[in-house]
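Student: I should like to examine the following structure with you by question and answer. Please state each criterion when it is first used.

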Amino acid sequence: MSSRHKGVRRYLPYLRPYTRQVVTMCVAAMVAIAAATAIPQVIKAIIDGPVTHRQTADLPLYAGLVVALALMEAAGNFIRRNLSGTVSFNMETDLRNDFYAHLQSLQVAFHDNWQSGQLLSRAIGDINTVRRFVGFGLIFAIVFVVQFGAVVFMLFRLDLLLAAVTALMALPVAAISRHFFTKYAVIARRVQDQQGDVTTVIEEMATGVRIIKAFGRDALLFGRYRTEVAELRDTNFLSVDTRAQFWTLMTLLPNLILVLVVLLGGFATLNHQLSVGGLVAFITYLFMLIWPMDALGWILAMGDEAQTASIRLSEVFDSLRDVDDRPDADTLPAGRGEIRFENVSFTYPGGRAPVLAGVDLHVRAGETMALVGRTGSGKTTLAMLVPRLYDVTGGRVTIDGHDLRDVTLRSLRAQIGTAFEDPILFSASVHENLVMGRAISDDEELKQALEVAEAGFVWELPWGLETRVGEQGYTLSGGQRQRLALARAVLGHPRVLILDDPLSSVDVHTEAQIEAALRRVLQGATAILVAHRPSTLALADRVALLDGGHIVAVGTHSELMRNQPLYRQLLAQEAEAVERGAAS
Ligand SMILES: Nc1ncnc2c1ncn2[C@@H]1O[C@H](COP(=O)(O)OP(=O)(O)OP(=O)(O)O)[C@@H](O)[C@H]1O
Ligand SMILES: [Mg+2]
């Protein structure tokens, strides 16, 4: 919780791997500042020495000195800029990798509650802002504080009164910039949030286009889009206007100070309190101050933006990884795949009523257990507990006697093949969608999986297995998507199979073919199979009947047919639905 308030400081440790570069960078910056601050001193020496006393012979020496100092400054700045680029982009990559890894580790519920547009704007925009500040802003801030200090010190050495006047004039500048930046921080945050909103609307429009058109919601959504874009524009106008006012003041004020210095300095020179060279040096230093003063504003703005960006990032980073590896989690050893639910209860995060209560179920090794129940009875929820898409809120689930929460997610999920009701395909090739980063030894396995799922259609796609599917790719039918998802689940012969209504969108003929092949696969695995149709139920050794989050009966299909009126009723409804489908 405390990290939530740390803001940008939380991301400073990302610089640690690059300590050497950062140190080199600081040294280079100090060298550049030292050289820059020395130059006006040489100029003063030239004016008060050779120029005043007409000793032209010494001029080349001084000129050479200035050139040497200028080269030193240039070299220092070059090294600093180059290194800060390397460091900041490396840091950005590290941060973005962590962000992505964290997103993946989060509970499914997190994604139910977050708009993807808001996530996108954080993954791209906010990380970029933090990177710019930590990689450039902070370094500049250090450089400017040092440069400011060095220059002010030199000013006081040259003339006390002039330096005091200059320092006094800097006070209103600081006050103005403080005022501006408090105001600006609010606007910056609003711009970032509104950008997220716009992204969300565009995304919804793109992904839900069919439903939107089918329900004639185009106008409604377009209206919403227009409002949000207009709001974003207005906030941006406000931001531009605020900045314009500020920068105008910031260019005007230093010039006013300059006028004062020239006037006071002129008198001081005439009264011989200050040499001509001293006055020139003073004015040169004054110009060296203007840039840090401008940049101070810019850095503060950057810091404020980075602060809001950090808070927005932390909102994601702090989202609990409810499902996470315990520190002492072990690898799940390859066993026989016996699954036990022991007095399991489950409530969705934020939900009030438990969706599952007092569930005891024993799926023997190698057995296929079907789950049957009305819609909303908790079948999908129960199935999701096995690959730990959610953790139980009471009781426990074990595989081969290991509590699922005691083993690493990676080892658990590596042994489970899953296909859920709504088959999600990613914008990637068929091949990538099937393999999903797993180590698949040979193409033969791939072929077998596609055969089991009757997904031979993939060979006829325009580019075969390399055809892009998903959001930006080739459009597959619901049945085709389901068959790919099934192939993905059985690929690599996992010990445990979780199949949630895997054939609901497949036609009866194809279903029969898949069932024949699926029977072989199920023989080598422990499986939980959510099913409605009698033909799919025939694949199961036993059936568990769910009602209202409770298991009301477990037995073979014929036992349940004999003893459970609810079971008979559900199957009768299903048969009717199939007939109606066949008749129409
Ligand atoms: N993400 C969620 N957050 C809160 N409640 C949920 C969530 N998903 C499902 N539920 C609720 O949990 C209950 C069980 O849902 P579940 O999806 O497990 O039922 P099901 O048996 O699979 O139904 P179906 O046959 O329609 O697929 C329902 O009351 C549902 O409203
Ligand atoms: Mg379901």
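Predicted model: local features only at pLDDT ≥ 70, side-chain atom pairs only at ≥ 80, totals over all residues.

Student: In the loop between which helix and which strand is the place of Glu454?

Tutor: Residues are numbered from 1 along each chain as its sequence is written, while chains are lettered from A and ligands numbered from 1 in the order in which they are written. Helices (H or I, at least four residues) and strands (E, at least two) are DSSP runs numbered from the N terminus. Glu454 sits in the loop between helix H12 (443-452) and strand S8 (468-469).

Student: Is Glu454 buried, partly exposed or exposed?

Tutor: Buried means under 20% relative accessible area, exposed over 50%, and partly exposed in between (1.4 Å probe, protein chains only). The relative accessible area of Glu454 is 27%, so this residue is partly exposed.

Student: What is the phi of His493?

Tutor: His493 belongs to the loop between helix H13 (478-490) and strand S9 (496-500). At 55% relative accessibility, His493 counts as exposed. Although not a glycine, His493 has a positive phi, near 45°.

Student: How far apart are the end C-alpha atoms of helix H7?

Tutor: The expected span of a helix is 1.5 Å times one less than its number of residues. For the 53 residues of H7 (residues 218-270) this should come to 78 Å, which agrees with the end C-alpha separation of 78 Å.

Student: Which strands stand at the edges, each with a single partner strand?

Tutor: Two strands pair if DSSP finds at least two bridges between them. An open sheet with antiparallel pairing is formed by 4 strands in the order S2-S1-S4-S5. One side of each edge strand is left without a neighbour in the sheet, because each has a single partner strand; the edge strands are S2 (356-363) and S5 (402-403).

Student: What is the bridge partner of Ile339 in S2?

Tutor: Strand S1 (residues 339-346) and S2 pair in the antiparallel sense over 5 bridges. In S2, Ile339 is bridged to Val363.

Student: Which residues do ring pairs link into a cluster with Tyr11?

Tutor: Rings of Phe, Tyr and Trp (its six-membered ring) pair if their centres lie within 6.5 Å; planes under 30 degrees apart count as stacked, over 60 as edge-to-face and the rest as tilted. Tyr11 and Tyr14 are both buried, and their pair is stacked at 6.3 Å centre to centre, with 25° between the planes. Ring pairs link Tyr11 into a cluster with Tyr14, Phe99 and Phe317.

How values were computed. Heavy atoms only, no water.
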